[in-house]
Amino acid sequence: MANFFIQSIFSVSYETYLNLKRLENVLVFVVWLFSHAFFGVILNSLMLTDFWISSSSISVLLFISTALSAYRIAFESNFRLTFPVNELSKKRFILSCFGVSRGSDLQAKVFRSLHIVKWAWLISLNISILLSHVRLTFWDLFSPRTLFNVFLFVVYQQLMAYFVISFVKIFTMESLKLQMPSPYFAAESFLSNKPNLIHALTNEDALFKMFGMKNLRDSTMKDPKERQEVYTLSQPGGHPRNWNSIRDVCLAILRQISSHLEAENVGMQAGNSKFISSLTVGIENPNRAALLLPPTLKPRFLGGIPQSKPLSPLAAFLKPYVEKIQAWYFMDPPVITTYESIMAQYAIESLYLLAMNAFKEDTYGVVQRDLAKIATIFLDFEVNIDTFIRAKNLNPSDKRSISSIQDIEAVLTEALCKLYVQYQDHIDTLNLTKDQLDLWELLVRE
């Protein structure tokens, strides 16, 4: 049961946007609310005095506090499985969870508990005034002992959730070292039953694949011996098996996200076709035109958005409240998920690091033969990102987050600039189109 609950909630694809329609958050809320409401009854039975149940107003305060606490845990916690910024041992991590320094997570949970009890007390106060059978124990809500015990119960819930989430992440995302398979047939046959980096990259499991992509990025960044396993040809046969597998997986990740953005661009540009056409008149390729616009006309920062139709007085009055409710409780998912963004960044970094080091280490030229293909996909991806951000900023009603796209763009731009500097004397041999060369040079200049 516990294993099913963890697998239903924790995942690499979880997003932290607030939406009451998300089933995994509703599941956490329901389970947490009723389990801790039941725990409150059990706790009451273990006490010498009937503290929780003796007063109806205290019972209301306890239930509302638990409900608000469950809401904050279910809809504001981050259940996404991701790699820590700093690799900590389990012992150091556990000790860090109990840190009480200023600004620590532990201190934040205590202040959140105070906030929860404050609102629960105000709601319970109003309920006690409105309902006659609760009004009889109205003054119990002003008991310092009552408030302190409820506060401790909420602190327990918040800390329990914090420790459970933290421990699941640290034990699930523990560092896993995957070796690059040997290019030699005999050695590979001997080790075929042992999971390796290529097995992880081609696996359907999202978590295992993310471990593979992180291992690939780390090994291409730090380990020349691992890079040699990529550049070396297989024996017998003389094929770059490792490189072919890595290239296909990384480019497939980038193509999928780029195609998704391209499809989004078609839909968004249709709604802004008149406005965009006024900026790209006389230019055959609107995508290229968007990237080549002078800074004063770049739609990313343009303020001249087409005016919408005027609203009726009632609609104008209700609009800000409706927008706040939508923003708080019914947010749209991001265009590109954080998981997709992380995988794309790993793919870009792995490809460009292998290409950069291939200049001196790739004896057989296996990576350099695919440099034109890599550059083409990188440039097309950059155009789709750039066009999407510009088109989205022309539509004020689109509230979807683009932070994950901007993270990809930062890594992609850096990769294109470094590749251009490394191979600038050989760019003409890649047989890129004039538009692609112009875009590449523009990115480097900017």
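**Two helix pairs in a predicted model**

Good morning. I begin with a crossing: helix 10 passes helix 16 in a left-handed manner, meaning that the near helix is turned anticlockwise from the far one by less than a right angle, clockwise being right-handed. This is a predicted model in which local features need pLDDT of at least 70 and side-chain atom pairs pLDDT 80 or more, while totals for chains, interfaces and linings use all residues. Residues are numbered from 1 along each chain as its sequence is written, and side-chain values use heavy atoms, without hydrogens and water.

Helices here are DSSP runs (H or I, at least four residues), numbered from the N terminus. Axes are lines fitted to C-alpha atoms over the stretch in contact, with angles from 0 to 180 degrees between N-to-C directions.

I turn to the second pair. Helix 17 (residues 371-393) and helix 18 (residues 403-423) pack at about 140°, with axes 10 Å apart. These two helices are therefore oblique to each other, and their crossing is left-handed. Among the contact residues are F378 and F388 of helix 17, with L412 and L416 of helix 18. The contact of helix 17 with helix 18 has 14 nonpolar, 2 polar and 2 charged residues.

Methods:
Parallel < 35°, antiparallel > 145°, perpendicular 65-115°, else oblique. Contact = heavy atoms within 4.5 Å. Nonpolar A, V, L, I, M, F, W, Y, C, P; charged D, E, K, R; others polar.
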